[in-house]
Amino acid sequence: VSSAALDLPFVSPHQRERAALLGMWLFIGQEVLFFSGIFLVYAVLRYAHPETFAAAHEHLDLRIGTINTAVLLVSSYSAALSVWAARTDRLRLRATLMLLTAALGCGFLALKGVEYAEKFHEGFLPGRFYAGSGIPGRPDIFFGVYFASTGLHALHVLIGIGLFVWYALCRLSRATAPRDAESLRNSTHNIALYWHFVDLVWIYLFPLLYLIR
Amino acid sequence: MTQASNHPGPRAYTLALLALLLLLAATIGANELPFPRAALAIALLIASVKAGLVVYTFMELRDSAASTRTTAAICVFTAATLFGLSAVDWTERDRRLESPRVPISSRARLAGPPPIQIDHAP
């Protein structure tokens, strides 16, 4: 790589790759703390209203939750493969795998939309909008936690889908110069890291919301 | 420039995916076991194994630079501190209220505001 292709303070493409990944991990670190606040709210409210949480989770669709978990796990697999494809200069395969990941994310959101529609129809809504019946205690609090946590997670999924589609389509034909190829690898890896984090959040949300005993 | 030699490949990713799907089935199965008190701990334990697989294989933390691994460790430590200190406050609050060393004038402040009652009846 010529010296003109390197921006200061980097002395090698490898160092620049490591810096890019470290930046993404720092971003993921603050995202972990953001979602930790949500999980902490869940823990405090579940401790305060155990009967309500145990009864209210029966009204969530375990089948949809399980399928959505599997969909996100498979999407993480395809995201990891897209990083491998970028590293081995299989650029069309990289774009295809990124689009597949985005499609799986869309499938996740579609199923989540079906579940949200059911909750709206049954009146299982947060706070003063709650109009359901058959759950003791404060079900409005449970559904507040449910919509806040899954809604914020869905927003992250939506952002991830946008990133995958954008970088799959708009960057498809640009990777000709070495700097572009390196940039393509780094951006693919960073988007995949973000997507894996979104998967991690759901790995914990799924048992906490759908499998309460 | 190909840099695939130092990182996991499709085989490792496929094995990780199969393990993750098996662990998902284990999560569902464990929920049916007749130990309701341990169900949460089992579910969180399986979730943590799944998270570890994702972090180490898909996110390639094992092959990352020391600075990246340190960042991830600090992140886990900070989140654990957040949960740990909050748990101490939550579980000790009732005990502090009952302590004779806490003046009665301070107990209302420690207890926080009274719970809000919402009447959902039409």
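**Ground rules**

I am working from a predicted model, in which local features need pLDDT of at least 70 and side-chain atom pairs count only at pLDDT 80 or more, while totals for chains, interfaces and linings use all residues. Residues are numbered from 1 along each chain as its sequence is written, chains are lettered from A and ligands numbered from 1 in the order in which they are written, and side-chain values use heavy atoms, with hydrogens and water left out.

**Entry: chain A**

I started with the fold of chain A and found six helices and zero strands. For the record, helices (H or I, at least four residues) and strands (E, at least two) are DSSP runs, numbered from the N terminus. Read from the N terminus, the order is α-α-α-α-α-α. I also looked up the box that the C-alpha atoms of chain A fill, and along the principal axes it comes to roughly 70 × 30 × 25 Å.

Then I picked L104(A), which sits in helix α4 (residues 91-122) of chain A. Which residues does L104(A) touch, once neighbours within four places in sequence are set aside? I get V71(A), V74(A), S75(A) and S78(A), with contact meaning heavy atoms within 4.5 Å. S78(A) is 26 residues from L104(A) along the chain, and their C-alpha atoms are 9.3 Å apart.

**Entry: where A meets B**

How many residues does each chain put into the contact? Chain A brings 49 and chain B brings 48. The buried area between the two is about 4400 Å², and carbon and sulfur atoms give 72% of that. Buried area here is the accessible area (1.4 Å probe) that two parts lose on being put together, summed over both.

I found one salt bridge between chain A and chain B, the term being a side-chain nitrogen of Lys or Arg within 4 Å of a carboxyl oxygen of Asp or Glu. The partners are R87(A) and E60(B), at 2.6 Å from N to O. Over all chains, the structure holds five salt bridges. R87(A) lies in helix α3 of chain A and E60(B) in the loop between α2 and α3 of chain B, so this pair joins two chains.

I also checked polar contacts across the interface and got three residue pairs, both residues at pLDDT 80 or more. A polar contact is a pair of N or O atoms within 3.5 Å; within protein, one must be able to donate a hydrogen and the other to accept it, and residues adjacent in sequence count only if both atoms are side-chain atoms.

On the chain A side, α1 (13-48), α3 (62-87) and α6 (178-210) each supply at least two of the residues that touch chain B. The largest share, 17 residues, comes from α1(A). By class, I noted 29 nonpolar, 10 polar and 10 charged residues on that side. The classes are Ala, Val, Leu, Ile, Met, Phe, Trp, Tyr, Cys and Pro as nonpolar, Asp, Glu, Lys and Arg as charged, and the others, Gly among them, as polar.

**Entry: the largest pocket**

Pockets and cavities come from a 1 Å grid over the protein atoms alone: a cavity is a set of points where a 1.4 Å probe fits but cannot get out, a pocket is an open set with protein on both sides within 12 Å along at least five of seven lines, and lining residues have an atom within 4 Å of a point. Grid points are joined across faces, edges and corners, and a volume is the space filled by probe spheres set on the points.

The largest pocket holds about 1100 Å³. It has 38 lining residues, and the closest to its centre are S36(A), F39(A), Y204(A), A79(B) and F83(B). Two or more lining residues each come from α1 and α6 of chain A and from α2 (36-58) and α3 (66-98) of chain B. I see α1(A) again with the largest share, 13 residues. The lining has 31 nonpolar, six polar and one charged residues.

**Entry: cavities**

My search of the whole structure gave three cavities of 30 Å³ or more. The largest has a volume of about 50 Å³, and its lining includes L211(A), T27(B) and N31(B). The class count there is six nonpolar, two polar and no charged residues.

The second largest cavity is about 40 Å³.
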